[in-house]
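Let's walk through a structure together, one feature at a time. Have a look before we start.

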Amino acid sequence: MNLNYFKIVVWMCSLLLLPSVALSDKLNDQRQAFLQAVKYLSEKNEAGFLEVSASLTDYSLYPYVKYQWLKDHTDQTDQVLTFLSTYKNTRYAGLLRSKWLDYLAEHERWDDFIKHYEVNESSADDCQYQWAQYQTGKQQQALAEAKHLWLSGRAAEKLCQRLFSALQNSSLITPDLFWQRFETAIEGNNTETARATSLLLKESARKNAEDWLQLHQKPELVEDSRFWQEKTAQTGRLFAHAIKRLANANLEKALAVWDGKKSDVAVDGQTAQAVERKLGLALLGKKDNRAYGHLNKVTQTDEEARAAKVRAALLEQNWQHVNSALTDLTLDEQQEPKWQYWQARGLQEIGKKQESNKVYTELAKDRSYYGFLAADTVNMPYQIIDQSVKVQEDELKQFAEHPDFNACYEFKLLNLDLEARRQWQFAIKNLPKEKLLTAAKLAQQWQWDQIAITTLVKADYWDDMALRFPVLYLTEVQTSADKHGLDPALLFGLMRQESMLDKNAVSSVGAKGLMQLMPETARTVARTLLEPWQSDNDLFKPELNINYGGYYFKDLLTRFGGHVAVAGAAYNAGPNRAKKWLPITSPVPADIWIETIPFKETRKYVSTVLSYAIIYQQRLKKGSLKLKNLLRDVTP
């Protein structure tokens, strides 16, 4: 970073809430020295680093820069211990302790390891700690903990190998436990662990393990009768495992073999229910009406299976089944807005209008997709409570001056965004809810909108509409909306869900910018619009990103007959998947179509974008958008 750029950044940050009244010359000097120290580290100029960093001991980012040096000098025991004592409350103490413990383990300094290890709730799963226990005289305790890890089917990763080897040579492990580890590993698709464990089995058990491994790799062999000569509980579990594996590759074959052979194999009730659950979920994922019949056989349910049963009934549009499945939900689940809506819808469909309207009217008070659907059904206005978080300026100032938050500010100012975000998460980790509200307002005042939003969520506060739904890039959004014939509230809804209005957002798959466009998609749009394409980084430019995102969404709307929900699903999961999810023979009500989208992420995405669009129209002081007008039936 050159000096002129640095001065520009400092000037821009003077517009934000500063942690002090004025920027002192010393602070400016420290910032420049910090950047120089980081540069020296990257160049492996140790002498230069040590000289420059000596001037930073009272700078808020000194723990960071000292850690960066110490993590590569873990042999400096005195300096490590001094750092862990002096900066014990910083994020970097834990990071350095972890690096140092690795060094101590590598050099088999087990007494020091135990002395400086901090026992926590995950220590039982820490092979390195348990091996240190074993090496310092607590063999039985270490092996007892190791046994739980070993039986989980966990792979013998490098840190666990010595511990597991000692365990396997101890009296704690019996032949039955070797088989238990094998079966658990193969059920968890840890094939290599299962194969390695099979070699430790006795000859007869090893033959059975070979059958398991063969059917695991080639489940279509389930039709071969030679596997089912014996009718034992283990054979039943093997048959069930093969059917579940086959369902992933050939669902129709799995259904046929299960129905044709299950009575000939000793499959116990619990195992049979696991198969029915698997087949039901697989059918539901293909929007196949047979899903309900299989899920209805599952009596030992979990939340996923209970919700899937309701969706399977909706897929059939069998309201007797819908109402029955809703009664199988737990009492807490039944109170969720989603299931309240379907309860009302179910009552409506069987002619109980008065009871239905009562549920709709109460639900219409909820600021959510389902609340808005309910409001439209009974012709009530949308209820969008807006109560801003109130925080005094002096409290914000105190927060900004706290070392943890001051470090966030400095990272952000110096354009070290990833470190700033990591530091923020550390700073708020143990805050009570009322302090989280203050932190959220501080992030908002720093114009760090994505962080403000996520911090407010952590505080479990939902009513500050300005903070949760900032109206940024209004000119760009309005221009794109006018150009492509879209409602600006809908564009805002998409943008809020895609990136939380972070223009620099990058997804795990490479989507970029405010509308989270894939570079390939953006290049296609550029060619269509006859515009030059310079770089994928152009997607971080708000005007271009919003324009191309608006064009792409409008194109999806055109391809899917103007249906906002289907276009939204296509924007999230891709147009090919959305096309596969369309009805085959007759129209489907849009609310049912959305609720039965096979991908959980896409179901939530579509409903969230729609609800955000309704909220943004209020933020834009407009009121023409209605969900019922966007959600006409989805046609084949």
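**Reading contacts, cores and a disulfide**

A: Leaving out residues up to four places away in sequence, T455 touches W424, I428, L436, A439 and A440, where a contact means heavy atoms within 4.5 Å. This is a predicted model, in which local features need pLDDT of at least 70, side-chain atom pairs count only at pLDDT 80 or more, and totals for chains, interfaces and linings use all residues. Residues are numbered from 1 along each chain as its sequence is written, and side-chain values use heavy atoms, with hydrogens and water left out.

Q: Is T455 buried or exposed?

A: Buried means under 20% relative accessible area, exposed over 50%, and partly exposed in between (1.4 Å probe, protein chains only). T455 has a relative accessible area of 0%, so T455 is buried. You'll find T455 in helix α28; helices here are DSSP runs (H or I, at least four residues), numbered from the N terminus.

Q: Which side chain has a polar contact with that of T455?

A: A polar contact is a pair of N or O atoms within 3.5 Å; within protein, one must be able to donate a hydrogen and the other to accept it, and residues adjacent in sequence count only if both atoms are side-chain atoms. Here the partner is W424, at 2.9 Å.

Q: Which residues touch the most other members of the largest nonpolar core?

A: In soluble globular proteins, nonpolar side chains tend to be buried together. A nonpolar core is a set of buried Ala, Val, Leu, Ile, Met, Phe, Trp, Tyr and Cys residues joined through side-chain atoms within 4.5 Å. The largest one has 200 residues, and W424, L627 and L631 touch the most other members. Helix α37 (residues 600-619) gives this core its largest share, 9 residues. Beyond four places in sequence, the residues that W424 touches include F405, C408, W446 and T455. C408 has 0% relative accessible area, so it is buried.

Q: How many disulfides does a search of the whole structure find?

A: A disulfide is a pair of cysteine sulfur atoms within 2.5 Å. The search turns up 1: C127 and C160, with sulfur atoms 1.9 Å apart. C127 lies in helix α8 (residues 127-135) and C160 in helix α10 (residues 158-168), so the pair ties together parts 33 residues apart in sequence. The torsion about the S-S bond is about 90°, so the disulfide is right-handed.

Q: Where does D460 lie?

A: Look in the loop between α28 (449-458) and α29 (465-468). D460 isn't a glycine, yet has a positive phi of about 60°.

How values were computed: Helices (H or I, at least four residues) and strands (E, at least two) are DSSP runs, numbered from the N terminus.
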